[in-house]
2 protein chains.
Amino acid sequence: MKRFLLAALTASALSSPTLAQRTPPPPPATVAPEVERLRDAALNDTVAWDIVEGLTTEVGQRLAGTEAEARARAWSVARLTALGFKNVRIEPYRMPVWERGAESAEILAPFPQKLTLAALGNSGATPAGGLTGEVAVFPSMAAFQSAPDDAIRGKIVYIGNAMPRTQDGSGYGAYGTARFTGPALAARRGAVAIVIRSIGTDHHRFPHTGTTNFPEGVKPIPAAALSVPDAEQLERIASRGQPVRMKLVLTPRMVGTRESGNVIAEVPGSDPSAGIVLVGGHLDSWDLGTGAIDDASGIAITAAAAKRIMDAGQPRRTIRVVWFGAEEVGGMGGEAYAKAHAGERHATASESDFGADRVWRFEVNLPTTAKLVADRLQTALAPLGITRGSGLGGDGTDIGPTIKLGTAGIDLNQSGWDYFDSHHTPDDVLDRVDPAALRQNVAAWTAMLAVVANAPEAIGPVTPR
Amino acid sequence: MKRFLLAALTASALSSPTLAQRTPPPPPATVAPEVERLRDAALNDTVAWDIVEGLTTEVGQRLAGTEAEARARAWSVARLTALGFKNVRIEPYRMPVWERGAESAEILAPFPQKLTLAALGNSGATPAGGLTGEVAVFPSMAAFQSAPDDAIRGKIVYIGNAMPRTQDGSGYGAYGTARFTGPALAARRGAVAIVIRSIGTDHHRFPHTGTTNFPEGVKPIPAAALSVPDAEQLERIASRGQPVRMKLVLTPRMVGTRESGNVIAEVPGSDPSAGIVLVGGHLDSWDLGTGAIDDASGIAITAAAAKRIMDAGQPRRTIRVVWFGAEEVGGMGGEAYAKAHAGERHATASESDFGADRVWRFEVNLPTTAKLVADRLQTALAPLGITRGSGLGGDGTDIGPTIKLGTAGIDLNQSGWDYFDSHHTPDDVLDRVDPAALRQNVAAWTAMLAVVANAPEAIGPVTPR
């Protein structure tokens, strides 16, 4: 009786165009029972949580190029070795290092009060005693860009722009320009400093840091992000119509060239000619939180999945897990990796660097010879609630340089809905990771690796996206 | 047809004991249409929001006894006068003032990292260069209290206790003891400093400050609250089994005796012999946020309601709005008020100092002669979703000393479910106030004042709760 009712309901649902759109398409391919078994077992994974908990607890923040990142590398080698990976090693490189100093902001007039902010990576410094100036308030990048130079020269520029929440995180690119290029533009136009509204979607009093860039020849000015409530407070204060005077203390500095490195571990495959399946995330973090979602989760998810494949027996392709260094401050780890390994054949590259919320979509950039691989991925991932997107896979700062060489890409996209609430803030700590969602990620990556590492098809180079 | 169905459903609901319990009791009394009109009009109030927005924007934090609190008093006199209140005045008093200094915490071993914390009010200071010690970790007050002295002497004591979320906020009293008395107990037993898990229900990286007390003869030690994630991080680190060494820098100081004051405004009544209806909240705030929920909302709600009664015509009883000073740091404003006005007849006293979430319950302590007043309150408040509680009204630090003199009390209880997420944190800012919930509060207080200020019954003294 129940089965009859269900069948009737299904038929009825399919007869409605609206509901039919929501009905997943039939599986385009069958997958081996072993893939399903590995995927479903991964829903009980504890390895990923232990990595996230361990790294964030026993190392904490690990800003690229600092002794904390070096401690993180040592921790990683020990952990990856203990997990049974082969060829565990550090591949070092050198990089310029920027370190945060003191930071505070204060409205001096018309309504004296302190504001919460954090310097942006590569920010210039104020004098130790601070810098005082009038604030030129621009509600958006467009307003800033269209303002005359004399509204900017000698001022502390403020740029507000409220980043919207999106599923795919696409707001970051669009609204992040205030951080990426605003400070250099303000410096060029004679501003003495710049504070931006944090590139974030929350309404809590956490500033969102992140790098900005001053091109060669542009002298860095002090540049910082106000928390969203503080940015809106500054706008409210300015809306009263009186000139706003602010005192800024920001004393970051470039401390010179230091060592950073990528940590690499492998599950050797039986067929070296089939190419490497590269997976990973980044080991470094911003200095304000402990980098739990950015990106302890990513390295944990990919390593936990690779270990599950390793424990199930030798795969056809070598799985290489790379915990990249120095992603946050410019992607030096990804560049160093691509340079060092350009001569090796990579089948695919995939990175997890978008938190630990549930994977909702996958996208590929695979050669036509490997079309069935994508179809099997669709079948294998569907029970986890993951659908196939129409974009091209291969996204990410760390795999970017390897992807550019023509490597095929497979992306497992986490939901970005809440990601920018705590991204780059002091609040990116273990409390932000949902263990159940983390396990769904491990299951998705395990299924992906089970399909891709053992695919009988050739997975050759592609036209880069 | 619809009416018939509704009637049938109601009858059916009443016939079920479970549902019957959820059906509000019939109104115990009728209220004047004017009360209902005033109450419903207040659901469109803008005055309360303007006060919260104005005070938090144009003054910001206003720690008791500081120049910021003095600016807040000047702001309040101007605003209350502009709103049309009579006898607007400041009643000053003097009080000892504690001010925050630098504050930082760092785990030195086994896993070096910074922790986020805030000094507790009345905390002692470390040397300017900081204090280093081994941490004695106690997961609860009970564990701390039962520990031998030599586990405490010379140590930095940590006390964890996870405050549960409750509707009525009752967890604060039970779990707040770690803050109220933990530091003095630790000092007595030879601890060099103490850090507690914040008395809060959130999992964000905001420390919750608040006063602690060192009795006469106990030398204050440095005392601070770690944010909940930092407290759990410390417990995780300690759980690894190695000794934990911490460096603390806390440089608060007592700056001497300063002026504070209560701001008073009135709606004069037609019958001075009927007693004063006292309402209000506190003007001072902690120094970390801008005190939007604690307690700009309370002063805004009570003043907005009083203004609505004033604008509707002269009430029988004088409504006195008091924006108390120095509540957070020891209730000096409430004490000063009770002392100065002990000779006046108060009909009732009520304060709003529990945020701006929806009022869900009211409780009274009224003389038997005024039983019908409570019944009319029940009728008037029911449409706002407010039910009558069985406890005794008259709760609150500011009205406490006046209540002790035998004044009747009426409480309108806000939901405490989320209150301790941001209570006493840097995140207590305008973003925490929901305008719709704030308006429901104004409607509740307007209805209460409409009933009580015009009640024909005598409202005389009561046995204090």
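Predicted model: local features only at pLDDT ≥ 70, side-chain atom pairs only at ≥ 80, totals over all residues.

User: Okay. How do the copies meet, and through which surface?

Analyst: They meet through the same surface, because 100% of the interface residues of chain B are also interface residues in chain A.

User: And what rotation puts chain B on chain A?

Analyst: A rotation of 180 degrees, with 0.0 Å of shift along its axis, superposes chain B on chain A, and the RMSD is 0.0 Å. That's the relation of a two-fold axis.

User: What about sheets? What's the strand order in the one with E1?

Analyst: That's an open sheet of 8 strands with mixed pairing, in the order E1-E10-E12-E11-E13-E16-E14-E15 of chain A. Strand E1 (86-99) and strand E15 (387-392) of chain A are the edges, each pairing on one side only. The twist averages 20 degrees from one strand to the next.

User: In which sense do E11 and E13 of chain A pair?

Analyst: Parallel, over 5 bridges. As an example, Val277(A) has Thr348(A) in E13(A) as its bridge partner.

User: Which helix lies across E1, E10 and E12 of chain A?

Analyst: H5(A) does, running at about 5 degrees to E10(A). Helix H5 (residues 67-82) of chain A also packs with helix H4 (residues 47-58) of chain A, at an angle of about 145 degrees and with their axes 10 Å apart.

User: Which residues make that H4(A) and H5(A) contact?

Analyst: From H4(A) you get Asp50(A), Ile51(A), Gly54(A), Leu55(A) and Glu58(A), and from H5(A) there's Arg71(A), Ala72(A), Trp75(A) and Arg79(A). By class, the contact has 4 nonpolar, 1 polar and 4 charged residues.

User: And the sheet with E3, what's its order?

Analyst: E3-E2-E9-E5-E6-E7-E8-E4 in chain A, an open sheet of 8 strands with mixed pairing. Its edge strands are E3 (113-115) and E4 (117-119) of chain A. Neighbouring strands are turned by 30 degrees against each other on average, direction ignored.

User: Which helix packs on it?

Analyst: Helix H10 (residues 228-239) of chain A packs on that sheet, touching strands including E2, E3 and E5 of chain A. The direction of H10 makes about 135 degrees with that of E3(A).

Key
Residues numbered from 1 in each chain as written. Chains lettered and ligands numbered in written order. Heavy atoms only, no water. Least-squares fit on C-alpha atoms with pLDDT ≥ 70 in both. Contact = heavy atoms within 4.5 Å. Axes fitted to C-alpha atoms, helices over the stretch in contact; angles between N-to-C directions. Helix = DSSP H or I, 4+ residues; strand = E, 2+ residues; numbered from the N terminus. Nonpolar A, V, L, I, M, F, W, Y, C, P; charged D, E, K, R; others polar. Pairing = 2+ DSSP bridges.
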